[in-house]
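This report sets out the architecture of a single protein chain.

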Amino acid sequence: MSEGENDTASVMWFRRDLRTHDLPALAEAARAGRILPCFIFDDRLLSRGRFVSPRRTAFMLGCLESLRRDLRELGADLVLRHGRPEEELPRLASEAGAEAVHWTKDLSPFARARDERVSAALAAAGVTAHEHPGSYIVDEPEAVFSGQGRPYTVFSPFNRAWQEVPRRPFEDRPEALELAGSPEPGDIPGPAELGLDPAPEGWDEAFEPGEAAAREATKEFLNRGLSEYHETRNRPSGGSSRLSPWIRWGCLSPLELELKLGLRKGEGPRRFRDELAWREFYASVLANFPEVTRLEFQKRYRGTLDWQDDPGLLEAWKTGQTGYPLVDAGMRQLKGEGWMHNRLRMVVASFLTKDLHLDWREGERHFMNELLDGDLASNNGGWQWVASTGTDPAPYFQRMFNPMTQQEKFDPDGEYVRRWVPELAKVPDERLVRPWEMTEEEQSASGCRIGDDYPAPVIDHAEERRFAVERYRAAADQDEQG
DNA sequence: TTTTGAGTTGTTCGA
DNA sequence: GTCGAACAACTCAAA
C-alpha cells in the first residue's frame, strides 16, 4: 500500500503458491489494502492424506521460511495456523477485520472440495472468497476443450489448442505490504510437530527451498541449459532443468517462465515449453477425469490387468537392488535427492509394471512418498502413461523399455550409473550394462562380486517382456468379450 | 456423418 | 553396426 486510498483488509491464504512474484492473488489483495498473509497446516493432507511425504513437507516448510522472510521485508508477515481452513479462515478474517480472502486456484480433487467448503463458511461469515489464477499458464487448463466441447485426451491436440489461449497479464511483485491486524505469527513447525517422520538426511542438499533459490536456478537454466535443452534433456547425467520442485510449490510462476521463453528462439525453448504444456495437460486430465486417481484412464484395463503381489521384488525396486544398473541408479537418485530424471522415471516405471508386473499404483505411491516435486496430476499421468493405461494412444508393446538398451543409448559412458551405484564404479565400460556377465577375474579386479557386492538381476528382461505382452493382450481380449 | 491424418519419450528382427 | 519394417489395428480430433 503506497497511497492509502484503500483501507479495506483482506486475508491472503497461501497454499501451493509460495512466492511473491507474479502472484495474482497477492497482487490483488495488496491493491485492495492491508493484508494478512497466512498458511494453514491441515493434517488431512500433511499427515493423514493419501500421499504423505516427510521430505516434501520439509521442503515446503523451508519454502514457508523463505516466504516469511520475503513478506517481512515487504512490511507484512506470514501467519501460521493449524486446523481446518474452513474454521481457521473465518476466524482469521474476523481477527483482521478482513472483508475478503484471496487464494490461488488448485485443481486437485481434494483442494476443490475443500475450497468449496471454505467459500461456504466464509459466505456464512459475511466474507467474500476470491479465487485467482497463478498455478498454471492457462488459468483453467481443464477448460481447454476440443471443437466438440469435450476435454482433450491426447496431448498434441491439447497442446495446439492450449497454445492459442490468451494469457493473463503478468503481475509485478508488490513493492510494499501493510499488515492487517496484529496477529500472533506462530513458529514454523518441524516435521515431528506435524506428526511426520523426520525427512531423510540431506534432504535439502540437492534443492534449496524457497523463491530466491528458485529464481537463481531459473536464471542459471535459462542462460546455460535452455538453448541445448532439446538435445541434452534425455541425458540422465545432465540436461534437464531441475526446476520441478519449485514449480510444484509455486515458488516459480509457470507463466513467468513461459514469458521468459517467449523471448528466445529455437528448438530448446520450444521443447521446454512443451514440458510446461504436459503439466497443464495432466492437470486437465485429472480435473475432468478425477477417477484416474484410483482407476485406469482406459476403461478396458480397469480390473482386467493381472498384477502380481511380490513384496520382495517391490522392495528390491524401491531400494535400487534389482541388478539392472540403470534402474538401480534411478531409484537411488530418488532416495538420495528426492528427485529423478524424467527418462529414468519412465525406465523404472516400465520396469515395475512390465518387468516385475507390479501394480502401477505401488509405483505412484512410492514416487509420491519420495519426490520433492510429487504432484498428483503429473505423477498419476506419468505412471498411467508408462503403464499403458493412460492417455498415450500408442499400443502397450510400444512402451516397454529395455533397461539395457536405454542405458546404452542415454548413459553410454556410465557417468550416471557410476555416480548412483558406486559399487559399479570400477566395472569396465563394456560390462556396465550387464555386470552379471563379468568373469570371475573381472569381478575380482573391479571389486564387485555379483550376488555379493551388487545383486544378480532379479528377473530376466526378455522373458518378462514376453509375459507382459501376454498379460496386456489378455486384458484387452477380456475387455472385448466382457 | 464420414473421412482423414495423426498419435512424446520404444524394441526387436532380419536384411 | 545400421537400417527399415513390424508390432495391431485403435482412437481422437478436425475437416
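## Overall architecture

Chain A contains 20 helices and 5 strands, where helices (H or I, at least four residues) and strands (E, at least two) are DSSP runs numbered from the N terminus. Its radius of gyration is 24 Å, close to the 23 Å that the globule rule gives for 482 residues, so chain A is as compact as a globular protein of that length. The radius is taken over C-alpha atoms, and the globule rule is 2.2 Å times the number of residues to the power 0.38. Along the principal axes, the C-alpha atoms of chain A fill a box of roughly 80 × 55 × 45 Å.

The model is predicted: local features need pLDDT of at least 70, side-chain atom pairs count only at pLDDT 80 or more, and totals for chains, interfaces and linings use all residues. Residues are numbered from 1 along each chain as its sequence is written, while chains are lettered from A and ligands numbered from 1 in the order in which they are written.

## Burial and contacts

Of the 482 residues in chain A, 44% are buried (20 or more other C-beta atoms within 10 Å of the residue's own, with C-beta atoms placed from the backbone). Among contacts in chain A with a separation of 6 or more, 78% join residues 24 or more positions apart; two residues are in contact if their C-beta atoms, placed from the backbone, lie within 7 Å.

## Domains

An automatic or database domain assignment supplies the domain bounds. Chain A is divided into domain 1 (8-133), domain 2 (136-171 + 210-288) and domain 3 (299-481). The C-alpha centres of domain 1 and domain 3 are 39 Å apart, and their contact takes 7 residues from domain 1 and 10 residues from domain 3.

## Helix packing

Helix 13 (residues 325-337) and helix 17 (residues 403-410) have axes that come within 8 Å and cross at roughly 75°. Axes are lines fitted to C-alpha atoms, for helices over the stretch in contact, and angles run from 0 to 180 degrees between N-to-C directions. Helix 13 and helix 17 are therefore roughly perpendicular to each other, a term for angles of 65 to 115 degrees. P325, L326 and V327 of helix 13 make the contact with P403, Q406 and Q407 of helix 17.

Helix 11 (residues 267-288) packs against helix 16 (residues 376-386) at an angle of about 90°, with their axes 8 Å apart. Here R279, Y282, A283, V285 and L286 in helix 11 meet L376, A377, S378, N380 and G381 in helix 16.

Note on methods
A residue is buried if 20 or more other C-beta atoms lie within 10 Å of its own, exposed if 12 or fewer, and partly exposed in between; C-beta atoms are placed from the backbone. Angles under 35 degrees count as roughly parallel, over 145 as roughly antiparallel, 65 to 115 as roughly perpendicular and the rest as oblique.
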